[in-house]
Amino acid sequence: MSVNKQVGRVFLVGAGPGDPRLLTVRGLWCLRQADLVLYDGLVNPLLLRETSAAAERTSRAAGVDGRRLDQEEINRRLIATAREGKTVVRLKGGDPFVFGRGSEEAAALAEAGIPFEVVPGVTAAVAAGAYAGISFTHRELSSAVAFVTGHEDPVKPSSRLDYESLARFPGTLVFYMGLDRLPEIAKSLIEHGMPGDTPAAVICKATLPAQRTLTGTLDGIATQVQAAGLKPPSLIIVGECISQREHIAWFEQCPLFGQRIGITRPLKQAGNEIERCLDLGAQPVLMPLIEIKPPDDPGLLDAAIARLNEFDWLVFTSVNGVRALFDRIWEIGLDSRVVSRLKLAAIGPATAEALHEYRLRADLVPESYRSEDLASAMTPHVKGQRVLWPRASRGRDVLIESLTAAEAQIETVVAYRHCDAESLPDQAIELLEAGQLDWILLSSPAIARRLSALLPDAVRPQLGQSTRLAAISPVTADAAHECGLPIATVAETFTWEGLWESVLKAVQSPFAPRK
Ligand code: SAH
């Protein structure tokens with residue numbers, strides 16, 4: 001690879017088929033290095049969380065605004081940006097060289113003398129087989145597989161595809177881009193001698209929680225697909241191997257498969273919940289209602305840090321509080337030793353875990369995770385002691401009252417600021433309107449209130465019907481009730497894990513509405 005400092009590099013990266021976790025390790029590395037990411041319409045936007053680069057979409061899906069860049073223009077952008085010395089990632093659905101025009105982009109780069117690298121991706125067919133339980137090369141059923149474009153009209157004489165050979169192909173056929181032409185494809189295969197009762201399947205939105213799989217036979221599959229209203233992106237599979245699906249399809253068995261779940265946490269902190277959602281087979285819908293920002297006046301926090309040795313206890317009621325304090329300590333040139341004399345209290349396991357990131361152990365974590373429980377757990381230990389609480393710019397004051405009643409001297413300092421989101425993202429509103437958002441998870445009273453404030457009146461009646469709300473604690477549920485939001489389930493342990501468990505229980509309960 002060239003080490004020419006003047007010219008950057010272009011990575012043609014396969015993003016995988018849809019599930020963001022199927023990006024390769026190399027692909028992830030590229031996203032983290034990138035100065036510019038140009039991505040196509042099949043790329044899951046969740047992948048863009050992995051890059052701090054400017055990201056632009058080069059195609060648009062139906063109904064979504066945005067300019068479409070043609071191939072020439074994309075090539076020009078790649079070349080021009082690399083010539084500025086930048087690292088460019090061209091992120092393409094599936095694998096860049098499988099029906100992806102990646103090789104045309106590579107040729108343009110080669111011609112322009114731009115150093116480039118091609119990072120393969122998991123192509124849709126391979127991924128769809130895995131997620132739908134169909135092995136194209138099952139030892140007893142098929143010894144070959146062909147990836148075929150379904151884009152060309154099989155009836156036109158200009159078609160470069162030889163349907164006579166395809167009909168005789170000794171193995172599994174997988175058609176990309178063929179859904180709109182499925183009737184002609186099936187007809188041509190049958191006309192050229194393939195039996196009409198050959199097993200056939202269509203897999204739509206493979207590897208995504210919206211995945212749908214239809215199975216049937218070659219002569220009937222087109223009618224089935226039309227009746228079911230399947231849409232692209234879809235693959236057509238023809239061959240005996242389809243029959244094993246019954247035994248080994250696993251993805252559709254995930255406990256929350258197909259559910260769409262509104263994640264209201266600040267974007268930066270949504271990572272764990274996105275993972276959890278995907279792990280359960282559900283689609284995360286990011287709809288942050290609150291963002292976390294540094295305090296208006298960091299001087300106050302600095303002053304508190306300078307006086308840490310005057311205190312006996314530090315108490316934390318959120319992960320944000322821990323990170324805000326210790327990141328600031330580091331930024332101003334100090335380190336964790338400034339708290340070596342202090343006892344540390346954390347409201348729950350996640351907050352304690354945040355302390356572990358700084359290699360600190362909590363001296364006290366209550367058994368239940370509300371401010372009231374934290375105060376009771378601290379009460380026997382804090383009489384006459386000085387307590388510092390680095391907290392959010394707003395929130396409940398229970399801790400101040402209870403610890404004062406326990407004869408502690410408590411001081412607070414604003415370590416971070418909560419900022420309300422100005423609006424709900426369009427995607428969340430569209431799903432709400434269509435009755436397709438199954439859950440919204442509420443993790444604090446402020447989040448519940450903000451949801452109520454931003455919810456368009458027209459969709460309020462959906463709540464409790466097509467969209468259910470889950471609250472992390474009774475305090476959050478009460479705040480929701482006060483603004484007229486119905487709560488379907490409340491976590492038994494007041495943590496994110498508890499919240500997920502309550503949703504799982506509600507979905508698995510025999511009384512839960514089925515879709
Ligand atoms: N380079 C891509 C293919 C691009 S062509 C790859 O390697 O996967 C676009 C076609 O890919 C779609 O028409 C569809 O047939 C298929 N496809 C892409 N993603 C898909 C998905 N998640 N589920 C089903 N088919 C998909």
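Modeller: Start with one term: a polar contact is a pair of N or O atoms within 3.5 Å. Within protein, one atom must be able to donate a hydrogen and the other to accept it, and residues adjacent in sequence count only if both atoms are side-chain atoms. On that basis, a backbone N or O atom of Ser234 lies 2.7 Å from an oxygen atom of the ligand.

Colleague: Good. What kind of model is this?

Modeller: This is a predicted model; local features need pLDDT of at least 70, side-chain atom pairs count only at pLDDT 80 or more, and totals for chains, interfaces and linings use all residues. Residues are numbered from 1 along each chain as its sequence is written, and side-chain values use heavy atoms, with hydrogens and water left out.

Colleague: How many helices and strands are in the chain?

Modeller: The chain has 18 helices and 20 strands. Both are DSSP runs numbered from the N terminus: helices are H or I with at least four residues, strands are E with at least two.

Colleague: What does the C-alpha trace span?

Modeller: About 90 × 65 × 45 Å along its principal axes.

Colleague: And how much of the chain is buried?

Modeller: Of the 515 residues, 51% are buried. Buried means under 20% relative accessible area, exposed over 50%, and partly exposed in between (1.4 Å probe, protein chains only).

Colleague: Back to the ligand. How many residues surround it, and which are closest?

Modeller: The ligand is surrounded by 17 residues, and the closest are Asp95, Val98, Thr123, Met177 and Ser234. Near here means that a heavy atom of the residue lies within 4 Å.

Colleague: Where is Met177?

Modeller: Met177 sits in the loop between strand E7 (172-176) and helix H6 (182-191). Its phi is near 55 degrees, a positive value in a residue other than glycine. Met177 counts as partly exposed because its relative accessible area is 42%.

Colleague: What about Arg101, where does that lie?

Modeller: Arg101 is in the loop between strand E4 (87-92) and helix H3 (102-112). Arg101 has a positive phi too, about 60 degrees, although it is not a glycine. With 45% relative accessible area, Arg101 is partly exposed.

Colleague: Which bond joins Pro232 and Pro233?

Modeller: A cis peptide bond, with omega about -5 degrees. Pro233 belongs to the loop between helix H7 (221-228) and strand E10 (234-238).

Colleague: New topic: holes. How many cavities of 30 Å³ or more are there?

Modeller: One. On a 1 Å grid over the protein atoms alone, a cavity is a set of points where a 1.4 Å probe fits but cannot get out. A pocket is an open set with protein on both sides within 12 Å along at least five of seven lines, and lining residues have an atom within 4 Å of a point.

Colleague: What is the volume of the largest cavity?

Modeller: About 40 Å³. Grid points are joined across faces, edges and corners, and the volume is the space filled by probe spheres set on them. Residues lining the largest cavity include Asp19, Arg21, Phe251 and Leu278.

Colleague: And the second largest pocket, what volume does it have?

Modeller: About 1400 Å³. The second largest pocket is lined by 47 residues; Thr317, Ser318, Val319, Ser443 and Ser444 lie nearest its centre. Helix H12 (residues 349-357) gives the most to the lining, six residues.

Colleague: Ser502: buried or exposed?

Modeller: Buried, because its relative accessible area is 7%. Ser502 is in helix H18 (residues 496-508). A polar atom of its side chain lies 2.8 Å from the backbone oxygen of Leu499. Setting aside residues up to four places away in sequence, Ser502 touches Thr489, Val490 and Ala491. Contact means heavy atoms within 4.5 Å.

Colleague: Which residues does Ser336 touch, with the sequence neighbours left out?

Modeller: Beyond residues up to four places away in sequence, Ser336 touches Phe326, Ile329, Tyr358 and Leu360. Ser336 is in the loop between helix H11 (319-331) and strand E15 (343-346). At 24% relative accessibility, Ser336 is partly exposed.

Colleague: Last one: where is Glu152?

Modeller: In the loop between strand E6 (145-149) and helix H5 (163-168). Glu152 counts as buried, at 18% relative accessibility.
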